[in-house]
Amino acid sequence: MQEAYNQAVADATLMACPHCDLLQRLPDLTWAASAKCPRCNHELWRRREDSLNRTTALAIAAALLYIVANTVPMLGLTVVGRGTSTTIIGGAELLWQDGQVTVSILVLFTAIIAPGLQILLMLAIVLGARREPIPRWVGNLLRHHGTTQTWSMLEVMILGVLVALVKIADYATVIPGTALFVLGALIVMLAAMQATFEPREVWDRIRWVMPPADPDAVYPAVAEDDVSKGRGATAMQQELQRCEACGLLSRPAPGEEDGKCPRCGGRLEFRKRASTERAWAFLIAAALCYIPANVLPVLTTTTAAGAESDTILQGVVLLWSPTGWPLSLIVLIASILIPSAKICALGYLLITVQRGGVRNNRQRIRLYRTVDFIGRWSMVDVFVDTFTAALVQLQPLMSVEPGPGLVFFAAVVVLTMLAVESFDPRLIWDATSAMEAQYA
Ligand SMILES: [Zn+2]
Ligand SMILES: [Zn+2]
């Protein structure tokens, strides 16, 4: 069946909060000011000065740094007169040769492909946005830009590299390569690029897939008094759907459940489809992988004296020394505490949502945002093990190979990230909204 296009709400100040669905009007903002949702405290909009020009400059700088970071060596190592060195891609290549194809692809994707796409798409978007009206393909790129940002993990990788560096420093001389410093600059540049970019400005000028709606249409009244107290109708209660990609509010055709966004063409739903079921499926799979991830070895060190395998926890213990304990603590928190806390927190959110909980909404949405924010940092151990193995290749003296636990550990990180992605935070507020509507 062909899905119909929704009827757009032409009033650009009317919007729904992406985290709680509260229908509200955006205030007029001065430069650098931001508007927050009165109910869930989510930042709805921040006005940025001269966004397009600044973002273009930062994206070009990021592209140059990216090219350098991927061509020069990142780390070197010498031990008794023998030396090795590795680039970022060298780490992924070694994993591939060792039969760790899945983890190799994940490292390649999060450390090279996703950051590359993040910069490339941003460049295309800001250059395309100079035309008037902005061509539709810019909208298509913008729709996918968030995904590249989620999976671009250079800051996590650099932390992993630093831990690997300290780990190896015990038995060899480690030489930090130029790429390491370039990467540091690139991470700052990428963060600045994201912070200056103003997607609203681009969406407001983009050429629509369908002609814009009738400007004389009547739209739901927003009770400003209620909204400022964090109450009021949600977009769903007013039968409006918010486009996840471009933020436009629109109404499905009579008798239709879902439609397509008239501005960007994205598929629209009142709530993410099968959100709790999908989140549970990813979460249970993650919990199952968590066991082998902690029981099986992630690294095997081979020396003249024989081979020795370490699990994640043994790695933490090995790293613990009067000087190395802060890094040991980082690995402990990132690899063992964060994944288990994340699984518990998401389980709690899913159970309370399914029971129609109306209490602690603000705490629950804060928990959701925390889980969303910290999840990527669990990847740090994958990078530590990748670059330790890539560097310590001094056969027959000593060599390090990734172990079978690594793929399960990487699976835990990816599955919990997908679980968070599937979870619709607006579900936290739905029971409360329904109750308020009943007593209004
Ligand atoms: Zn909100
Ligand atoms: Zn849209």
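The zinc ion (ligand 2) is held by the SG atoms of C243, C246, C261 and C264, at 2.2 to 2.3 Å, where donors are N, O and S atoms within 2.8 Å of the metal (3.2 Å for Na, K and Ca), and water is not among the atoms, so sites may look incomplete. Along the chain these donors follow the spacing C-x2-C-x14-C-x2-C. C243 sits in the loop between β9 (241-242) and β10 (249-251), and C261 in the loop between β10 and α9 (275-295), so the pair ties together parts that are 18 residues apart in sequence; helices (H or I, at least four residues) and strands (E, at least two) are DSSP runs, numbered from the N terminus. Both C243 and C261 are buried, a word that means under 20% relative accessible area, with exposed over 50% and partly exposed in between (1.4 Å probe, protein chains only). The angles among the 4 donor atoms of the zinc ion (ligand 2) run from 102 to 119°, and the site is tetrahedral, which for four donors requires all angles to lie between 85 and 135 degrees. Ideal angles for four tetrahedral donors are 109.5 degrees.

This is a predicted model, in which local features need pLDDT of at least 70 and side-chain atom pairs count only at pLDDT 80 or more, while totals for chains, interfaces and linings use all residues. Residues are numbered from 1 along each chain as its sequence is written, chains are lettered from A and ligands numbered from 1 in the order in which they are written, and side-chain values use heavy atoms, with hydrogens and water left out.

Turning to the helices, α11 (residues 325-354) and α14 (residues 405-422) pack at an angle of about 35°, with their axes 11 Å apart; axes are lines fitted to C-alpha atoms, for helices over the stretch in contact, and angles run from 0 to 180 degrees between N-to-C directions. Contact means heavy atoms within 4.5 Å, and by that criterion S335, P339, K342, I343 and L346 in α11 meet F409, V412, T416, M417, A419 and V420 in α14.

Elsewhere, Q118 lies in helix α3 (residues 101-128). Is Q118 buried or exposed? Q118 is buried, with a relative accessible area of 3%, and, leaving aside its neighbours within four places in sequence, Q118 is in contact with H145, T148, Q149, S152, L190, M193 and Q194.

Some backbone details also deserve a look. Most residues other than glycine have a negative phi, and most peptide bonds are trans. The bond from E132 to P133 is cis, with omega near -5°, and P133 lies in the loop between α3 and α4 (136-151). D50, in the loop between β5 (43-46) and α1, has a positive phi of about 50° although it is not a glycine, and D50 is partly exposed at 41% relative accessible area. E239, with phi near 60°, is placed in the loop between α8 (224-228) and β9 and is exposed, with a relative accessible area of 51%.

Conventions. Four donors count as tetrahedral if all angles lie between 85 and 135 degrees; four count as square planar and six as octahedral if opposite donors are over 155 degrees apart and all others between 65 and 115; anything else is irregular.
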